[in-house]
Amino acid sequence: VESGFASFLFLYESVRLLKIAILSAVGNVEDDLDCLRLRADDESEGLSPPVREHLSISELGWSSGQQLVLERGKPPTLDEICLNVTSRVRGSTELFVVSRSLRIGDFMSLAMKRFDLAGDKWHFCRTNWCGEEAGLLEDKETSLETEKLKEGETLLLLEGSLPPKGFLRLAVYLDKKSTGPTNSSKNSLEWLQGLIETFAAGVGISRSETETKPRSTSSLDSLETNSPRYCFLGDVEISKQATLSDLKAHLLTLPLLDNYVVPTLNFLRLCRLESDLEPGRVLRRMDLSLSRLKISTSAKIGCTVLNYEESLSQSASLLTVRLRLADKRDYGPPIEVVFDTPGSPTPAALRKFLSETLELPADGFVMAKHFPNKYEWAVIRASPPTQTTKGKKKGGQQKAINLRQKPYFLKDGDLIGIGLCDRLSDKNIDFSTAADDAGKAKLRAVEEEKRQRRRQRGEMGQKTNRSRPEVGIKIFVPDYGDPK
């Protein structure tokens, strides 16, 4: 239904009355009303689930100019739910209107029949906002209502049986940058020294050591690269009560790890992977169970084979450091460092650590943390930004910044940019890259779409909401005084 019919959209109290008016306008009054249903069509969000006919236009939030689709199908009732099911085998998505009390197993049989699939090794997986796997529906005996599925939610129908009760099936990915101890032909400190000398020469910092050949920055070392860091290694089934040590030992039995020499389990680093397969928190404490580590079946595990033993403490942070290229909006190769301090992780402690690790003067560089979700860099300063507060100022010494708290939230996998500078030069360094500019442009486009939708809803609300007349009220308050 095009926007030409929107002129009488607000004249009808319910969707059913609107549907009758639409059929009368197009001349299809003979069609069965119970075999037709309405859906809203949004340019950015696509088709919405079929609407229930008892709802009013204002409850649905439809505004003037709203495009509607009239299609054949039974409208959902109060005790029914609309769900989308995607089959990767068939490469298509189907809409289902089923009872909320339907069992997961029965719903799976219904979906398999619709997609013409056979066999008993299939399962449902929930999805997140971007369509990625978010969690399995493990119990086929529970109902859709018990699983708290939402209206219009999309489920993935995947091939493969569910893990036994009490077990986890984890997707494991191998870090392409893994280097076994026998593959390292050069000491890591020597490599790091050569890299620092290369960048230090560009800003006039003297070095007494022999000058090294500058390293070229390949496309894989650039922040703009789209090459994935991790490749799929395989699925493993393991008990929820198994320890981190058991998981590492189990991974060593996978065929693709035969090319690496792993003398001890501490040569193997495991971390949680984010939805975009970026490394997250490193798994610690070999004696903790996977359930204590809050590992679920939907978790993705990244595996890195190291050329040294690693046993991170709870206070340590695994960081990636990249040196900013002078006069370029780009960075050099990544350097992994483990930042651990006996006290609080303050900016001064991080500066001292990087100064000693990179052999740079403490006042010869500027630090910044990258926020990939916002495509922004936050310069790490020794003191918090000045804030004006109302009221009387409290005396005493200013509290030191904890980098794990606001506004930096330092954690495993964070990227720290290093901008080299002379002691007397301007330290207002631009850490952004072309990739950050492109990412911010996408975020602005999404925000503008949301702003337009809110504006449309506001205009619709002003037209439909009528102001109620003011009515005076009387309040009776009994007399609780002492009786005479």
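Predicted model: local features only at pLDDT ≥ 70, side-chain atom pairs only at ≥ 80, totals over all residues.
Buried residues, meaning those under 20% relative accessible area with a 1.4 Å probe and protein chains only, make up 39% of the 484 residues in the chain. Residues are numbered from 1 along each chain as its sequence is written, and side-chain values use heavy atoms, with hydrogens and water left out.

The secondary structure comes to seven helices and 18 strands.

Now the cores. A nonpolar core here is a set of buried Ala, Val, Leu, Ile, Met, Phe, Trp, Tyr and Cys residues joined through side-chain atoms within 4.5 Å. The largest has 27 residues, and Leu170, Leu247, Leu251, Leu270 and Ile295 touch the most other members. Which elements supply at least two residues each? They are β9 (167–175), β10 (230–239), α5 (244–251), β11 (268–273) and β13. The largest share, four residues, comes from β9. Another core, of 24 residues, lies apart from it and includes Leu319, Val321, Leu323 and Ile416.

Take Ile295 as an example from the largest core. Not counting residues up to four places away in sequence, Ile295 touches Leu168, Leu170, Arg272, Leu283, Leu290 and Ile301.

Next, charges. Side chains of opposite charge can pair when their charged atoms come close. I count a salt bridge when a side-chain nitrogen of Lys or Arg is within 4 Å of a carboxyl oxygen of Asp or Glu. How many salt bridges does a search of the whole structure find? It finds 22.

One of them joins Arg103 and Glu141, with the closest N and O atoms 3.0 Å apart. Arg103 is in the loop between β5 (92–99) and α3 (104–115), and Glu141 is in the loop between β7 (133–136) and β8 (154–159), so the pair ties together parts 38 residues apart in sequence. Arg103 is partly exposed, at 27% relative accessibility, and Glu141 is exposed, at 55%.

A second salt bridge is Arg126 with Glu153, at 2.8 Å from N to O. Arg126 sits in strand β6 (residues 122–127) and Glu153 in the loop between β7 and β8, 27 residues apart, so this pair too links distant parts of the chain. Glu153 is buried, with a relative accessible area of 11%.

Asp412 is in the loop between β17 (376–379) and β18 (415–420), Arg284 in the loop between β12 (279–282) and β13 (300–305), so the pair ties together parts 128 residues apart in sequence. Are these two residues buried or exposed? Asp412 is buried at 5%, and Arg284 is buried at 5%. Elsewhere on the list, salt bridges that share partners join Asp175, Arg229, Arg269, Glu310 and Glu336 into one network.

Asp414 also lies in the loop between β17 and β18, and it is buried, with a relative accessible area of 6%. Its side chain makes a polar contact with the side chain of Lys369, at 3.0 Å. A polar contact is a pair of N or O atoms within 3.5 Å; within protein, one must be able to donate a hydrogen and the other to accept it, and residues adjacent in sequence count only if both atoms are side-chain atoms. Leaving aside neighbours within four places in sequence, Asp414 is in contact with Leu318, Leu319, Thr320, Lys369 and Phe409.

Two local items remain. Helix α6 (residues 347–358) has 12 residues and should span 16 Å at 1.5 Å a residue, and its end C-alpha atoms are 16 Å apart, which agrees. The expected span is 1.5 Å times one less than the number of residues. Its buried residues are Pro347, Ala349, Leu350, Phe353, Leu354, Ser355 and Leu358. Just after α6, Glu359 takes a positive phi of about 55°.

Last, an open sheet of three strands runs in the order β2-β1-β3, with antiparallel pairing. Strands pair if DSSP finds at least two bridges between them. The edge strands, each pairing on one side only, are β2 (46–47) and β3 (67–72). Strand β1 (residues 36–42) pairs with β2 over two bridges, and Asp42 stands opposite Gly46 in β2.

Key: Buried < 20%, exposed > 50% of the residue type's maximum accessible area, 1.4 Å probe, protein only. Contact = heavy atoms within 4.5 Å.
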